[in-house]
Amino acid sequence: MLFKMSTITITIIDRNQETHQVECPTDMGLNLMEVCKSYELPVEGTCGGMALCASCQVYVESSHELTERSDDEQAMLDEAWYVEDNSRLGCQIKLGLELDGLVVRLAPELVETNDW
Amino acid sequence: MIKTDVLIIGAGPVGLFTVFELGLLKLRSHLIDTLPQPGGQCAEIYPKKPIYDIPGYPEVLAGDLVDNLLKQIEPFKPGFTLGEAAVDIDEQEGGSFIVTTNKGTKHHAPVVVIAGGLGVFVPRKPPIQDLARFEDRGIAYIIKNPEEYRGKDVVISGGGDSALDWSIYLADNGAKSVSLVHRSQSFRAHPDSVQTAINYAEQGKIRLLTDAEIKRIAGNGVLNSVEVFHKSGERESLQTDAWLPLFGLTPKLGPIANWGLEIDKNAIVVDNATDYSTNRPGIYAVGDVNTYPGKLKLILCGFHEAAIMAQSAFKRIYPDKKNVLKYTTVNGVNAF
């Protein structure tokens, strides 16, 4: 029972409009990017969670009150693509009990070549 | 031609520590990195951020870790080819390699170690239709020769240091007009640069378009206009000779992806049971660039991999020599 109490369920809609309901522990300091990766959803998390790459951008589709964007997150979103008012960086969303039932949609992936 | 025992591609923390482990075995190293300074991401992206999981350091700033590593490898006098990307690898008879950079610098070594982290840092390109068609025909992500923009109408996008610094520089140095387009009203840049840009906007030297974004471009062979979408819903077309989207850097595996190495999800597959060798004998991969079952992308794991790899490199270079693990506490560090 104790385990249940610290676990929340969130819904992640992937880029093929498929819906994934995933259970996340809230006592491990996980963020949304890490949860996506642990469920092998196609989120790169290139920078490792430092709000430096925007590869974990999501649109928040439920009405949960999230913590405000930090300056770093805001600055990254100011320079990212496909940004909407409800855009957030998954790596900056810490999963707590208050986010039970959260619904997010993955932002489009940048189709990039290996040109450099 | 630069000759060395071991050529290390990538001068991040793991590449630097590889020099140390090789040096203990009296192997000389040379490093290649696309960035202009050693240290990789630690130096380029987050020098002022603390790292807490380097053994023996309760807390260390990424930039300080790099400085300490450079000090640690000083006795082994590594060579550096900085600001150049390793592009081609040619295996020679006898199994050594010649690695050539994008600037044509050639390096010859019997062993190559890829410590390339996330890859090469390349400009982040906006996802706009026809972008590629105007690259070098009005669109540039890196300003190589600012004189090119003398007498020209220039539009710059971005909200970081390079967008602001180049806007100011080109306004001061002969551009006919400079417009800076940024998605928000705040800038992630040095406060002095932000203030200068605001002053220039008031003086009419720079046209500042905030809460705005360029989403369309047009031209006839060469770029001649960009379309600005304002947050308010308005759109305007700007006639321009150049558009410089300066949105920072993003890492890509880059040319090493074409070196015949086994790749899985943007990482090089290595044999972690033995020596972090790749599928090509004589080429190893250590640090974040490699992958194997249970891989952890941690600096400390890269250090470990470097130590193991160095023993294998020694055996490859000197198949007949015996090598015994010596402790630095007993032997000290014998400089070259």
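**View 1. Strands β8(B) and β9(B) pair in the antiparallel sense.** Four bridges link β8(B) to strand β9, residues 106-109 of chain B. Strands here are DSSP runs of E with at least two residues, helices are runs of H or I with at least four, and both are numbered from the N terminus. Two strands count as paired if DSSP finds at least two bridges between them. Look for B:Thr100, which stands opposite B:Lys106 in β9(B). The hairpin has four residues between its strands, and B:Gly104 takes a positive phi near 90° there.

Before moving on, please note that this is a predicted model: local features need pLDDT of at least 70, side-chain atom pairs count only at pLDDT 80 or more, and totals for chains, interfaces and linings use all residues. Residues are numbered from 1 along each chain as its sequence is written, while chains are lettered from A and ligands numbered from 1 in the order in which they are written.

**View 2. Strand β7 (residues 86-91) of chain B also pairs with β8 (residues 97-101) of chain B.** This pairing is antiparallel and has five bridges. Which residue of β8(B) is the bridge partner of B:Ile89? The partner is B:Val99. Between the two strands of this hairpin lie five residues, and B:Gly94 has a positive phi near 95°.

**View 3. Three strands of chain B form an open sheet.** Their order is β20-β21-β23, with mixed pairing. At the edges you will find β20 (263-264) and β23 (290-291), each pairing on one side only. Strand β21 (residues 267-269) runs parallel to β23(B), and two bridges join them. Here B:Ile268 has B:Asn290 of β23(B) as its bridge partner.

**View 4. Helices α1 (residues 13-24) and α6 (residues 299-317) of chain B cross at roughly 35°.** Their axes come within 9 Å; axes are lines fitted to C-alpha atoms over the stretch in contact, with angles from 0 to 180 degrees between N-to-C directions. Among the residues making the contact are B:Phe17 and B:Leu22 of α1(B), and B:Phe303 and B:Ala310 of α6(B). Residues are in contact if their C-beta atoms, placed from the backbone, lie within 7 Å. The contact residues divide into ten nonpolar, two polar and one charged. Nonpolar means Ala, Val, Leu, Ile, Met, Phe, Trp, Tyr, Cys and Pro; charged means Asp, Glu, Lys and Arg; the others, Gly among them, are polar.

**View 5. Chain A meets chain B.** Eleven residues of chain A are in contact with 22 residues of chain B. On the chain A side, seven are nonpolar, two polar and two charged.

Conventions: Two residues are in contact if their C-beta atoms, placed from the backbone, lie within 7 Å.
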